[in-house]
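Let's walk through this fold by way of its aromatic rings and its strands. Have the 3D view open and follow along.

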Amino acid sequence: TRQVIGQSSGLVAVPSAADRTGNVSDLSNGLTGSVKGDYWAGLLTQKLSYPVTSGEPYYTPGCTTTAACVFPNAIVPAAAIDPITTNLLPFIPAANYGSYFSTSSDNLTNFTNLGAAHISWINKSNIIDGYYFRNGSSGINPYASASLPGFENVVSAQATVVNFGFTRTISPSKLNEARIHYLGASNQNGATGSGLRSLQSLGFPAAPAGIYPLAPAIEGVPPISLNEFGFGVPNTTQREARNTYVALDNFSVVRGTHTFKVGGMANYAQITLHLQGYNNGIFNFSGSETGNDFTDLLIGAPSYFSQDFEAPMYGRAHYYGLYAEDSWRVKSGLTFNYGLRWEVPTFWGEKNGALVTIVPGKQSVVFPGAPTGLVFPGDPGIPKTLAPTRYNNVAPRLGLAYSPSISGGLLGRLLG
């Protein structure tokens, strides 16, 4: 299946050509902020070569001299425009519809591939069968994380099923069925497009003075949000893989009026999750400094910056189960079922023990510096799965099946 759908960016209010050079007089009504703090005032003084003081307004109506405001005539001098912003401005397209930018040249794509195969071999005593199924999909969303083009988000997912069975008729009264099963599913999303590049090429200093790229595979223009639009590569990506392995065996034997069955199943499940959120940093410009978001971007004064790191998670779980049952045909039309099942499901654990739980008053010996009450796998009494595994899950089973004859008695009279 192939699906290609044209997408519109909608109308995006972008800065004018004059705004980009620092002439923000058309935005002057929004320049209501004042310089915050002596440190920032010192940086501006160094760049502008004239004194700037903390609390000084950036602009007031009619201001034409540096003695009355930081930016006379609502013009940001070239010396005050941050060089990183200069490198970022080409990623903001020029207006093409009045004061707005709009395009429908980018497509949303969804591709899906499905395939299945089944094979079996049968003789008078054995049945061998196998089944395979595969579902793969991929897609590109041009505006998943940005309102401007060039920062596409790529999504892909796969699911695989493999089933293999062997059924053997040992004798007319004995039958054994063995089966193994695999289910795998994975999905990931990431970045593509023209925004992928090194942070240093955009002017950000190298670590430790600048941003240390925690996810080099998606390193690029960091997500930057303003009040009217946002741009930058998708900085929250995810890779997830789930695998489930199952093995089971059932044996049945018929003895007179009894049909005995015994069997068991083992299940092993894995979840591997790589969640990357804000690994390369994210900036927000809301106008908290100058009073106007775009002017804040020009001078490199973000409202906030955030960068996170999420360690991979490797979840693991097991399940074991055994059963025995008997179907006793007491007489024609009446069958009595009884049996017993024993199950051992484990709680989810983490391969590297990267879990934490709370036991009030208990001090961790795995991490002695942890606050009292926080404990980890490996601490006395704390299993790898945090919650202990129960081995006494025994479930009895009783059943009765009755199928009365309609050839006589009350039912015969009613039904004829």
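Here, buried means under 20% relative accessible area, exposed means over 50%, and partly exposed is whatever falls in between, with a 1.4 Å probe and protein chains only. What you're looking at is a predicted model, where local features need pLDDT of at least 70 and side-chain atom pairs count only at pLDDT 80 or more, while totals for chains, interfaces and linings use all residues. Residues are numbered from 1 along each chain as its sequence is written, and side-chain values use heavy atoms, with hydrogens and water left out.

Start with phenylalanine 151 and phenylalanine 231, which are both buried. Rings of Phe, Tyr and Trp (its six-membered ring) pair if their centres lie within 6.5 Å; planes under 30 degrees apart are stacked, over 60 edge-to-face, and the rest tilted. That rule gives 11 aromatic pairs. For phenylalanine 151 and phenylalanine 231, the centres are 6.3 Å apart and the planes sit at 45°, so this pair is tilted. Phenylalanine 151 is in the loop between β5 (126–141) and β6 (153–171), and phenylalanine 231 is in strand β9 (residues 230–231), so the pair ties together parts 80 residues apart in sequence. Strands here are DSSP runs of E, at least two residues, numbered from the N terminus. Ring pairs also link Phe91, Phe151, Phe229 and Phe231 into a cluster.

Now follow β9 into its sheet. Two strands pair if DSSP finds at least two bridges between them. The open sheet has four strands, ordered β9-β8-β12-β13, with mixed pairing. β9 and β13 (304–306) are at the edges with a single partner strand each, so one side of each has no neighbour in the sheet. Strand β12 (residues 282–284) meets β13 antiparallel over three bridges, with asparagine 284 partnered by tyrosine 304.

Next, find strand β14 (residues 313–331), which is joined antiparallel to β11 by 16 bridges. One of its other partners is strand β15 (residues 334–345), also antiparallel, with 12 bridges. β14 and β15 make a hairpin with two residues between them, and glycine 333 in the turn has a positive phi of about 90°. Tryptophan 328 has phenylalanine 336 as its bridge partner in β15.

Finally, look for two charges over rings (NZ of Lys or CZ of Arg within 6 Å of the ring centre and within 35 degrees of the ring normal). Lysine 351 has its charged end over tyrosine 314, 4.4 Å from the ring centre. Arginine 2 does likewise over phenylalanine 111, at 4.8 Å.
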